[in-house]
Amino acid sequence: MTDRITLFDTTLRDGAQTLGVDFSPADKTAIAQALDSLGIDYIEGGWPGANHTDDAFFGAPPALGRSTLTAFGMTRRPGRSAANDPGLSALLNSGAPAICMVGKTWDFHVDVALGIERSENLAMIGDSVAEVVARGREALFDAEHFFDGYKANADYALACLTAALEQGARWVVLCDTNGGALPHEVEAIVATVAETVPADRLGIHCHNDTGNAVANSLAAVRAGVRHVQGTLNGLGERCGNADLVTLLPTLALKMGFDVGIGPDGLKRLTQVSRWFDEHLNRAPDRHAPYVGESAFAHKGGLHVSAVAKDARSYEHVDPDAVGNRRKILVSDQAGRSNILSRFADLGIAVAADDRHVDRLLEEVKRREAEGYAYDGAEASLEMLARRMLGQVPDYFRLERFSVTDERRYNARGVLVTESEATVKVRVGNRLEHTVAEGNGPVNAIDIALRKALEPHFPTLAEMRLVDFRVRILHASEASGAMPRVQIESANGDGARWSTIGVSTNIIDASFDALGDSFAYKLYRDGVVAPE
Ligand SMILES: [Zn+2]
């Protein structure tokens, strides 16, 4: 039987401490449901009694199928009984079936931060766990600053764990609260702790301050812990928490543990990770292990021909196992094998000796010399290839566009800058002529173009422009400076794609990138060009 590792997600509690992240109760519900659909064992929803958001969330908790909703809080205050502690009551009243309480285990913190007798701190831990267990809930104990505490006074740190375990805590979780521990220290300390505490009741909670949150968690697992805490995409204050999205496949695929989510759960990992970033309105990390867009991307010609023969030659796991996909990048160094693999990837059947392969390769090289870079703009590459093969209908044809920018004082005397775009496009045999205002020239063109196209292609309303990047090429030759515009678009279903445009005129480059993005969306939807 494979060893089972219990996963505990704290995205909604520790992750909510991330700078710039502010979850509403509705966000929390959506994220909890995504975690539940993956099959994560515990979902820590927040701290009841600490703020309105968490009260609202626990007041109307999401219906969970597989995950256990957990409330976070502190052990009882000094000098009170657990039964009369308002903080503890708020945890119990939240109705959460599991309760995770944090307490001190570092004698220095007990002496200085709390300023209480060390025996009272032990009693606070034991009493609180006993109260939670007596009220029929599962108790977990987060041993704050455990590794620093253990280094300072191992006996006392262990006594804190024992106090929780003796009163029935299901898990005692060793927290590297400051994130400063290193993997070899974690492995050595956990191994010693496991001589006293049963490893199947030990957990680990790591922060990424030395870039080792995942490595520390794995070191702890090697030393025996069977409960791992972390967050989606490594969210968390400062440098983040251990990234569950990296830990899950590593534990399952490389170390052979049962992480409770099964092969089907693992296959949903890429989608959940990207959905989460989408929900946070930030671009997913292309280089994220396992789930990043570049995680299984191959660029060098040599790599590509080897991968085409046997993927194991340059891939550490099968991308399919985590729901990701292999990606062949076409670039300046591209050889025929790159182009052929990319074609296969796009589902385009073409013979190795097809003349289109050489023509496309030539075209890509010519454009890259001009400043196009297709390694991050696959949708434009796909449009280029499919147009060359005659597969993309002529959805619309630009007759002309113009943009004006105006900076002026408005009726209220406020200085404003507004753009107005006029677009004339032909759709089938209809000529559309539209005008729109925007907060900038690209925005104005985007709106004007949508006005012209949406009556013919209603699905365009499902996509939006989410990122716009400009890079100046050949900046040293002032007269020859060339802006390269890259646009990222997102669809309602979570799909994202990037398109590119290059021109000496930035608006012109933007128009090309925008046009490619619309065409890609229509092609993807299988839209037929109107007569
Ligand atoms: Zn933490």
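Helices (H or I, at least four residues) and strands (E, at least two) are DSSP runs, numbered from the N terminus. The structure described here is a predicted model, in which local features need pLDDT of at least 70 and side-chain atom pairs count only at pLDDT 80 or more, while totals for chains, interfaces and linings use all residues. Residues are numbered from 1 along each chain as its sequence is written, and side-chain values use heavy atoms, with hydrogens and water left out.

A view of the whole chain comes first. The chain holds 18 helices and 16 strands, and its C-alpha trace spans about 85 × 65 × 45 Å along the principal axes. Of its 531 residues, 50% count as buried, where buried means under 20% relative accessible area, exposed over 50%, and partly exposed in between (1.4 Å probe, protein chains only). Contact means heavy atoms within 4.5 Å. Among contacts between residues at least 6 apart in sequence, 67% join residues at least 24 apart.

Leaving aside residues up to four places away in sequence, H205 touches T10, R13, D14, V173, L174, C175, D176, Q229 and N241.

E44 has its place in strand β2 (residues 42–46) and counts as buried because its relative accessibility is 0%. Beyond residues up to four places away in sequence, E44 touches F8, D9, T10, L12, R13, T70, F72 and C100. From E44 to F343 the separation is 299 residues in sequence and 45 Å in space, C-alpha to C-alpha. N491, in turn, is found in strand β15 (residues 482–491) and is buried, with a relative accessible area of 8%. The residues that N491 touches, again not counting those up to four places away in sequence, are E462, M463, W497, K521 and R524.

Helix α18 provides two helix contacts to follow. Axes are lines fitted to C-alpha atoms, for helices over the stretch in contact, and angles run from 0 to 180 degrees between N-to-C directions. The axes of helix α17 (residues 441–453) and helix α18 (residues 506–524) come within 10 Å and cross at roughly 40 degrees. This makes α17 oblique to α18; angles under 35 degrees count as roughly parallel, over 145 as roughly antiparallel, 65 to 115 as roughly perpendicular and the rest as oblique. The crossing of these two helices, α17 and α18, is right-handed. A crossing is right-handed if the near helix is turned clockwise from the far one by less than a right angle, and left-handed if anticlockwise. On the α17 side the contact is made by P441, V442, I445, D446, L449, R450 and L453, and on the α18 side by I507, S510, F511, L514 and F518. By class, this contact of α17 with α18 has 9 nonpolar, 1 polar and 2 charged residues. In this division Ala, Val, Leu, Ile, Met, Phe, Trp, Tyr, Cys and Pro count as nonpolar, Asp, Glu, Lys and Arg as charged, and the others, Gly among them, as polar.

Helix α16 (residues 378–388) also meets α18, with axes that come within 9 Å and cross at roughly 70 degrees. That angle makes α16 roughly perpendicular to α18, and the crossing is left-handed. In α16, the residues A379, S380, E382, M383, R386 and R387 meet D516, A519, Y520 and Y523 of α18. The residues of this contact divide into 5 nonpolar, 1 polar and 4 charged.

Most residues other than glycine have a negative phi. H145 has a positive phi of about 50 degrees although it is not a glycine. H145 is found in the loop between β5 (138–144) and α6 (146–152), and at 7% relative accessibility it counts as buried. R238, also not a glycine, has a positive phi of about 50 degrees and lies in the loop between β8 (227–230) and α10 (244–254).
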